[in-house]
Amino acid sequence: IKMVFRSEEMCLAQLFLQSGSEYDCISELGELGLVEFRDLNPSVSSFQRRFVSEIKRCEEMERILGFLLREIQKAKIAVPQEDESPLAPPPRQVLEIMEQLQRLEMELSEVAKNKDKLQRNLLELTEYTHMLKITRTFIHSRSRKTRRGPNLISPGCSFISGLIQRVKVEAFERMLWRVCKGYTILSYTEVDESLADLDTGEISKSVVFLISFWGDQIGHKVQKICDCYHCHLYPHPENDEERADVLDSLRTRIQDLNNVLHRTDDYLRQVLQKAAESAYTWVVQVKKMKAIYHILNLCSFDVTNKCLIAEVWCPVSDLANLRGALEKGSRKGDATVPSFVNRIPSSDTPPTLLRSNKFTTGFQSIVEAYGVGDYREVSPAPYTIITFPFLFAVMFGDLGHGVIMSLFALWMVLTEKNQKKKRSSNEIWMTFFHGRYIILMMGLFSIYTGLIYNDCFSKSLNIFGSGWSVKAMFTNQQWTNKTVQTNALLTLDPNVSGVFSGPYPFGIDPIWNLAVNRLSFLNSYKMKMSVIVGVIHMSFGVVLSVFNHLHFRQKFSVYLLFLPELLFLICLFGYLVFMILYKWLAFSARNSSQAPSILIHFINMFVMQGKDVTPLYPGQTGLQVFLLLIAVMCVPVLLLGKPLYLYWQQRGGKGLRRRRFPGSPQGYERVRRVSEDDGSITSIHEEDEEEGFDEVTSREAPKQFDFADVLLHQAIHTIEFCLGCISNTASYLRLWALSLAHAQLSEVLWAMVMRLGFKVTTKVGVVFLVPVFGLFAMLTVSILLVMEGLSAFLHALRLHWVEFQNKFYHGTGVKFLPFDFSQLPSVFEQDGLL
Amino acid sequence: MPSLLFCGPKMAACGMVISIWGVIMLGMLGIFFSTNSAVLIEDVPFTEEDIWEDKQPPQRIYALYRQVGINCFIAAAIYVAVGAISLCQVRLNKRQEYMVT
């Protein structure tokens, strides 16, 4: 595990890319992911940039690829993904790929069009078949009925037949009646099969109708009405033989059409299968190409030198790799002169880079969720690896739950290669998966605190043998059988010999699980433990600020900021911790009734009244007054020390401010395009880089020192720190509160669920225990593991972000985002197409 | 032969996990009940007469402990069966996955 104390040293570098090889050089850099490019043309809009046409071409290819992937997905063909990511293609290969894609697109759209036409045809033929069959029944049924009204088949009548949508039939009938007034007869029946309407794609019921009418004028009117209602009209056969002939021919045609459609489908599938083989490669290649052109757009063209200039942020330790990458790119490209890199000075704040491996990435990300550290600030991440799971475990503290959590995390860790390949789209699962190492650590620490609290699914484990003995109360004649019969509750007296034989070797004695006054014992213990842990955590945070002060060359801050802060914290709350420990050590079972309340003594210390209370130890009042005086004196030092020192320094001191400090505004001059001679002067040693100082800016007048601003900022800091000490110490009591809640929930779950399973003792009732245990398991996972786990996670995180980090961490930096192909998001993956 | 598959892959995996957990936990509970662990006294269904009307105390309570312990072992055995069924389901699901793709 590589521990990163502070972020890496970065430098600004200029890359001179020769015009033949710039594409290959950037491709190399993208593969390695070393540097972050800066935009050298911020005022130019995206349409005016140099490589706009190439990007447009890439976007066109992406559009075609999107269409292709959607078709492949519709046909349910899997796209094989390779492990090795293909490199970006050289520009000459680009046209080839473009041509292939365009050809595929044309082919696919043609096949789709043909298929559409064939399906339309098929629908027409199907409708015609239905119509013929149904009108046959009309004619034959009508011919039998000779009762009333004009006969359907009287001489001289003509027929119009077709299909209409079911929903329109009533309106159609009414319209016919109104217009033709009885000179038409309409008969209709619904078709059994619901047909798809090709234009809208919806499947609806249709109705076959047959209109018989007399006269041509009526015929025209009927025709017009049919057109209105979007009916599909088909010619009505004269007699049965013709009908039979037409039906036969229709049947064969439908069969042929189905064949052709099948073959078209097969051909389409073949084309898509072939395309799917190379689809992944194309997607990656186009993505890389587009990224390279985007980066090339950020560079500026040096017309005189015929090369491209790029400005990058690069970690100092990676400069050698950068040179190597440029050489490799130049060799691949066509240029005669190799590209090279030149380090330049800068007064801009570089971005923050903290390297991490798969284990530390999780912890790094939860620190960065609060804020990315300032450049070269001390990072709290390495300590978070231990303190965060520990504080979580203090609040979670159950052996059984810890074991389950650890096993779950272990499973995720051991199968991580498979999970990474699967790349699930479920966001909640991905969140858990990314935090698998955090969960593993939390589980392991929970096992430890579970052993200390002696709590396993709310039951205690008696591993070493309890230190309390009930039998001794009987042998010493304290209790008799009568005492047991007449009293519901009895108290074990540790002063009686033999009752208490010594503390339990590791953790809380298991007898407390059977005691009624268990909570008052545990509450006192957990509250004091929380305060002790809190004061240690906060002191550690204050101590870390020393490293920041020393690094940023603010030695005065060590005396004027760190020392008063630490003294204030230690004199007040460190003394509280001392009193807690003293009371634990000085009082035993014999004189426990005389043990005073720590809280009363602490309050008396502030109010300076303690005459009538017996002191804890000789000399207590004197020591307390002394500590209180020191703490009170620290406040004005903290409030006024730094502003006065800076004021003095500015007036009579060095004259030049050495380094900026947070809170006062400062303008940053951009040092761009430094010419060659300056470049050689500033082959730089560390201090100037970090000070952000340069020959150029040193000649200018220092910025105006605003005393009021600094004083205000310092006053806010003092109030925040002093009041914060009290509130933050109290805030750590949540460690007690959450562990109490967890223990109680666990106990309630056992008593209300598991116990029901044990109470049943009949022969058949045994089986009841099986579903009871299943219910217990599910509730344990959902309530105690997921809900309580998330709650404890959140509170531990808050303790880190607020109580710990506000003692030393600023977190106002910018994260280093290198140009890396593997970090680029893929549009297709987001759409779920790949 | 009709398909013996009646639950999906996730449900079968859940079944496996709960079965393994059940076997281990109920087994251990059975052992602790059989050794008359004091911490589990609240879970044993004893009544007032078991305490006061016992000729040889605490044999009746011990008998109850033993009975609950045997109950736990029986439940653990049932969970072994449930685990076996879940394992079959998991295997059948995997086989079906191979056949479809």
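Modeller: Confidence in chain B is highest in helix α1 (residues 9-34) of chain B, at a mean of 93, and lowest in helix α2 (residues 48-52) of chain B, at 82. Those are pLDDT values, the predictor's confidence in each residue, from 0 to 100. Chain B averages 88, and 95% of the residues score at least 70. For the model, ipTM is 0.94 and pTM is 0.82.

Some ground rules: this is a predicted model, where local features need pLDDT of at least 70 and side-chain atom pairs count only at pLDDT 80 or more, while totals for chains, interfaces and linings use all residues. Residues are numbered from 1 along each chain as its sequence is written, chains are lettered from A and ligands numbered from 1 in the order in which they are written, and side-chain values use heavy atoms, with hydrogens and water left out.

Staying with chain B for a moment, an unreviewed UniProt entry lists residues 12-33 and 68-88 as "transmembrane region". Its positions are given in the numbering used here, its feature names are shortened, and such annotations may be inferred rather than shown by experiment. In the model, residues 12-33 of chain B are 100% helix and 0% strand, with 31 Å between the end C-alpha atoms. Residues 68-88 of chain B are also 100% helix and 0% strand, and their end C-alpha atoms lie 30 Å apart. Helices (H or I, at least four residues) and strands (E, at least two) are DSSP runs, numbered from the N terminus.

Now for the close look, and my pick is α9 in chain A. This helix covers residues 381-396, 16 residues in total, and reaches 22 Å from first C-alpha to last, close to the 22 Å expected. The expected span is 1.5 Å times one less than the number of residues. There is a kink of about 30° at Thr387(A), shortly before the proline Pro389(A). That bend is the angle between axes fitted to the seven residues ending there and the seven starting there. Since 14 of its 16 residues are buried, α9(A) is largely enclosed by the rest of the structure. Buried means under 20% relative accessible area, exposed over 50%, and partly exposed in between (1.4 Å probe, protein chains only).

Both sides of the helix are worth a glance. Arg376(A) sits in the loop between α8 (360-370) and α9 of chain A, and has a positive phi of about 65° although it is not a glycine. Most residues other than glycine have a negative phi. Arg376(A) is buried too, with a relative accessible area of 13%. After α9(A) comes Gly397(A), with a positive phi near 25°.

One more enclosed piece of chain A is strand β1 (residues 10-18), where nine of the nine residues are buried. β1(A) pairs antiparallel with strand β10 (residues 307-315) of chain A over nine bridges, and Phe16(A) stands opposite Ile309(A) there. Pairing means DSSP finds at least two bridges between two strands. Five bridges join β1(A) to strand β11 (residues 340-344) of chain A, again antiparallel, and Ala13(A) has Arg343(A) as its bridge partner.
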